[in-house]
Amino acid sequence: MLKERTGFVLKELVGEYIATATPVPSKSLVRKRGLRVSPATVRNDMAELEVGGYIRRPHISAGAVPADRGYRYYVEALDEALALPEEVARQVRSAFAVAAPDPEAWTRLAARVLAGVVGNVAIVTFPHTRSCRLKRIELVYLQDYMALLVVVFQQAPLRQRMVPLTEGISQDELVRVANKLNYLFGGLHEQEIARKQSELTPLETRLLESTIAMFREAEVEAMDPCVDGLRHLLRQPEFSSGEHAGEAAEVLEERELLRSILASVEQEGDLRVLIGEENTQAPLRDFSLVLCPYGTPDGPRGVIGILGPTRLEYRTALGSVRFLSGFMGDLLASVHG
């Protein structure tokens with residue numbers, strides 16, 4: 001535990017570094033932050049903070065920069081009731097007021113608006129149900145040995161694929177097959193379909209296997225995030241070099257990495273802040289993530305968040321993510337009741 005004054009100095013130092021992106025000397029901290037102590041006192045506090053791993057010095061004679069532990073202390077000390085400035089909240093509401101009443105459109109708009117507010121990368125997943133259910137199967141005749149399988153899900157986009165046939169079959173016969181499958185499996189989710197024992201022809205079995213495969217594709221696609229704001233991230237001083245810019249682009253291209261993190265947040269159901277080395281995945285250890293689920297308790301859910309440098313403006317980031325999480329939840333509730 002830090003002494004009260006030492007903790008105060010740490011919070012002021014982190015705030016100054018977030019604002020300037022340059023190492024913070026004790027004299028500058030006293031002058032800019034109006035501390036009512038001498039630079040010598042602040043130097044002693046900074047020495048204590050360095051020993052404790054809260055700050056580090058790029059060079060012996062240089063000012064200090066926060067370490068991951070210092071950022072964590074700063075975040076934990078922020079007011080739990082962080083609120084987005086009313087002017088920004090009005091801008092968000094205005095942007096959504098003219099948007100189409102479509103959850104997919106809302107997702108893309110949320111990513112664009114959030115990226116602009118925080119000046120970093122915004123990541124938003126499309127709202128989806130954890131246990132997607134089959135609404136109906138449709139089969140469309142294309143030619144003697146080819147049909148189109150259309151799978152319509154409840155609260156998820158439909159999927160379709162071409163299915164080769166081993167023998168010629170008419171549209172009427174395809175309709176009968178689809179009706180049988182809908183009678184047996186309509187309203188069930190993937191696990192229930194796989195467990196259900198039914199007498200099926202070889203064609204019906206292949207169609208059912210294709211349907212189950214499309215269930216899995218739909219689940220993966222639902223967790224593929226909408227990303228906006230790379231241009232904002234690359235303007236940050238940390239990413240001015242080509243090497244670090246490449247690291248940022250690589251992280252965003254590794255969609256499987258992002259999907260695994262977003263899935264864990266959605267399941268845990270709380271606002272999470274992951275700072276630097278707190279990220280278990282090595283490519284993310286130069287970044288901070290602020291993530292929060294959104295949606296309705298028994299309906300579609302998604303995740304909204306920010307990816308930025310560890311020198312993230314955490315106050316704005318947490319307030320923005322929390323506000324948009326609630327806002328998106330209200331929009332979905334208006335659609336799904």
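Two strands count as paired if DSSP finds at least two bridges between them. Helices (H or I, at least four residues) and strands (E, at least two) are DSSP runs, numbered from the N terminus. By these criteria, 3 strands form an open antiparallel sheet in the order β4-β5-β6. The model is a predicted one, in which local features need pLDDT of at least 70 and side-chain atom pairs count only at pLDDT 80 or more, while totals for chains, interfaces and linings use all residues. Residues are numbered from 1 along each chain as its sequence is written, and side-chain values use heavy atoms, with hydrogens and water left out.

**Overall shape**

- The protein chain contains 13 helices and 10 strands.
- Its radius of gyration (taken over C-alpha atoms) is 26 Å, well over the 20 Å that the globule rule (2.2 Å times the number of residues to the power 0.38) gives for 337 residues, so the chain is more spread out than a compact globule.
- The C-alpha trace of the protein chain spans about 90 × 35 × 35 Å along its principal axes.
- Buried residues (under 20% relative accessible area; exposed is over 50%, partly exposed in between; 1.4 Å probe, protein chains only) make up 47% of the 337 residues.
- Contact means heavy atoms within 4.5 Å; among contacts between residues at least 6 apart in sequence, 61% join residues at least 24 apart.

- Strands of a sheet pair through backbone hydrogen bonds, either parallel or antiparallel.
- β4 (133–143) and β6 (156–164) are the edge strands, each with a single partner, so one side of each has no neighbour in the sheet.
- Neighbouring strands of this sheet are turned by 20 degrees against each other on average, direction ignored.
- β4 and β5 (residues 146–154) run antiparallel and are joined by 9 bridges.
- Within this pairing, Leu139 stands opposite Leu149 in β5.
- Helix α7 (residues 171–185) packs on the sheet and touches β4 and β5; its direction makes about 170 degrees with that of β4. Axes are lines fitted to C-alpha atoms, for helices over the stretch in contact, and angles run from 0 to 180 degrees between N-to-C directions.

**Aromatic rings**

- The whole structure holds 6 aromatic pairs. Rings of Phe, Tyr and Trp (its six-membered ring) pair if their centres lie within 6.5 Å; planes under 30 degrees apart count as stacked, over 60 as edge-to-face and the rest as tilted.
- One of these pairs is tilted: Tyr71 and Tyr314, at 5.8 Å centre to centre with 50 degrees between the planes.
- Tyr71 belongs to helix α4 (residues 68–76) and Tyr314 to helix α13 (residues 314–336), so the pair ties together parts 243 residues apart in sequence.
- Tyr71 is buried at 2% relative accessible area, and Tyr314 is buried at 0%.
- Phe323 and Phe327 form a stacked pair, 5.9 Å centre to centre with 20 degrees between the planes.
- These two residues lie 4 apart in helix α13, which separates them by about one helical turn; Phe323 and Phe327 are both buried.
- The charged end of Lys196 sits over the ring of Phe185, 5.7 Å from its centre; the criterion is NZ of Lys or CZ of Arg within 6 Å of the ring centre and within 35 degrees of the ring normal.

**Helix α2**

- In helix α2 (residues 26–33), the residues Ser26, Ser28, Leu29 and Val30 are buried.
- The buried residues of α2 pack against α1 (4–20) and α3 (39–51).
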